[in-house]
Structure formats: structure tokens, C-alpha cells
Amino acid sequence: MPSFDAVLEPNLVEVRNAVDQTSKEIGTRFDFKGSSAKVELKEEELTVYADSDFQINQVLDILLAKMTKRNVDIRFLDRSAKIEKIGGDKVKQKITVKSGIDSDTAKKIQTVVKQSKMKVQAAIQGDTVRVTGGKRDDLQAAIALIRKEIADAPLSFNNFRD
């Protein structure tokens with residue numbers, strides 16, 4: 001039976017490259033001279049350090065621009081963490097790089113597919129959603145529907161089988 005997997009996978013190599021480019025730009029810019037502004041990447045978590053909230057926002061702007069240039073969707077970044085004070089006048093913010101579909105999004109994809117009345121089925125398999133159907137055309141229509149309905153997650157579709 002034809003099938004495909006809906007997944008949420010960032011290109012971690014490009015994320016690392018964007019972080020490295022951001023660090024280089026911070027080192028050369030005049031407005032960051034003498035400040036403690038920096039970006040660190042550990043596993044799938046970014047930590048942005050700076051002297052003030054304003055400077056953190058400047059560093060984030062540079063980071064987002066570099067990620068966009070490297071074709072990394074910025075919707076992979078979860079910036080919901082608060083800016084924390086870490087002593088003196090220094091602040092930091094943790095940003096997680098999302099990978100794997102969370103259960104809420106997976107259930108949302110599953111209900112979208114069921115409500116469409118197409119001849120396809122969606123099954124949650126860990127952090128991916130497998131969609132199976134009788135015809136390849138139905139699966140392509142399901143991909144289009146999922147892209148349209150689930151716009152808040154940068155989903156990609158792989159493992160397409162006939």
C-alpha cells in the first residue's frame with residue numbers, strides 16, 4: 001500500500017552553520033564590541049547571552065537572518081522561554097530546536113486527515129505520522145491538505161512509497 005511519513009526534522013548542520021556565522025558577525029560588529037554577547041549550541045538547544053534584553057533581541061535578529069539565508073525554517077525554534085538574569089547586568093535566553101512531531105500536532109494531523117473524507121488513514125508512530133492510502137493521487141492530495149491546514153509547523157514529507 002502506498003504511504004508516506006510526515007516528520008519534523010531540522011537540518012542540524014545548517015543550524016550549526018548559522019550559529020557559527022552569527023558568532024562571527026557578533027565578533028566583528030561595532031555595537032557588540034566589549035559586550036558579552038554570544039550564541040551557544042548544545043545538542044538541540046541554543047543559548048543566547050547578552051548584556052541586556054535589547055542586545056538579546058539584536059542577537060536573535062542576526063541569528064534568524066542567518067538561518068533564513070541557510071534555508072532553515074525559523075519555525076523550528078521555540079522561543080517561548082523567558083529572558084533570565086544571570087548575575088550583574090548579564091542576561092540569557094534558552095531556545096530549543098524542535099525536532100519530532102509533538103503529540104498535539106500529530107493528533108491535529110490525524111483529525112485533519114479523517115475529516116477530509118479522503119480514502120487515506122493517518123497513524124501516529126512515535127514522533128512521525130504515517131499516512132497510507134490506496135492511490136498515489138490520494139496521498140498527494142493528503143500532503144497538500146496537511147500543508148494547508150497545519151501551517152504552524154514546518155513539516156516535511158519523506159519515505160514516500162508506492
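## Salt bridges

Lys38 and Glu40 form a salt bridge in which the closest N and O atoms are 3.5 Å apart; like everything described here, this pair belongs to a predicted model. Lys38 is partly exposed, with a relative accessible area of 40%, and Glu40 is likewise classed as partly exposed, its relative accessible area being 24%. Side chains of opposite charge can pair when their charged atoms come close. The structure holds 11 salt bridges, including the Lys38–Glu40 pair.

A salt bridge also joins Asp51 to Lys90, with 3.4 Å between the closest N and O atoms. This pair links distant parts of the chain, since Asp51 sits in the loop between β3 and α2 whereas Lys90 sits in the loop between β5 (84-85) and β6, 39 residues apart. Lys90 is partly exposed, with a relative accessible area of 32%, and its side chain also meets that of Asp89 in a salt bridge of 3.6 Å, N to O. Elsewhere, Glu25, Arg29, Asp31 and Lys66 are linked in a network of salt bridges.

## Helix α1 and its buried face

Helix α1 covers residues 12-28, and at 1.5 Å a residue its 17 residues should span 24 Å, a value with which the 25 Å between its end C-alpha atoms agrees. The buried residues of this helix are Val15, Ala18, Val19, Thr22 and Ile26. Seen down the axis of α1, these buried residues fall within an arc of 100 degrees, so they line one face of the helix.

The buried residues of α1 pack against β2 (38-42), β3 (45-50), α2 (53-69) and β6. On the other side of the helix, Val13, Lys24, Gly27 and Thr28 are exposed.

Strand β6 comprises residues 91-97 and contains Gln93. Is Gln93 buried or exposed? With a relative accessible area of 6%, Gln93 is buried, because this value falls under the 20% that marks the limit for a buried residue.

A polar atom of the Gln93 side chain lies 3.0 Å from the backbone oxygen of Ala81. Leaving aside residues up to four places away in sequence, Gln93 touches Leu46, Thr47, Val48, Ile56 and Leu60, together with Arg79, Ala81, Lys82 and Ile83.

## Strand β8 and its partners

Strand β8 (residues 128-133) pairs with strand β1 (residues 3-7) in the antiparallel sense, over four bridges. Within this pairing, Phe4 stands opposite Val131 in β8.

Strand β8 is also joined to strand β7 (residues 120-125), and these two strands run antiparallel with six bridges between them. Which residue of β8 is the bridge partner of Gln121? In β8, that partner is Thr132. The strands β7 and β8 form a hairpin with two residues between them, and Gly126 in the turn has a positive phi of about 70 degrees.

Notes. Residues numbered from 1 in each chain as written. Predicted model: local features only at pLDDT ≥ 70, side-chain atom pairs only at ≥ 80, totals over all residues. Heavy atoms only, no water. Pairing = 2+ DSSP bridges. Buried < 20%, exposed > 50% of the residue type's maximum accessible area, 1.4 Å probe, protein only. Polar contact = N/O pair within 3.5 Å; in protein donor to acceptor, adjacent residues only side chain to side chain. Contact = heavy atoms within 4.5 Å. Expected span 1.5 Å × (residues − 1). Arc of directions from axis to C-beta. Salt bridge = Lys/Arg side-chain N within 4 Å of Asp/Glu carboxyl O.
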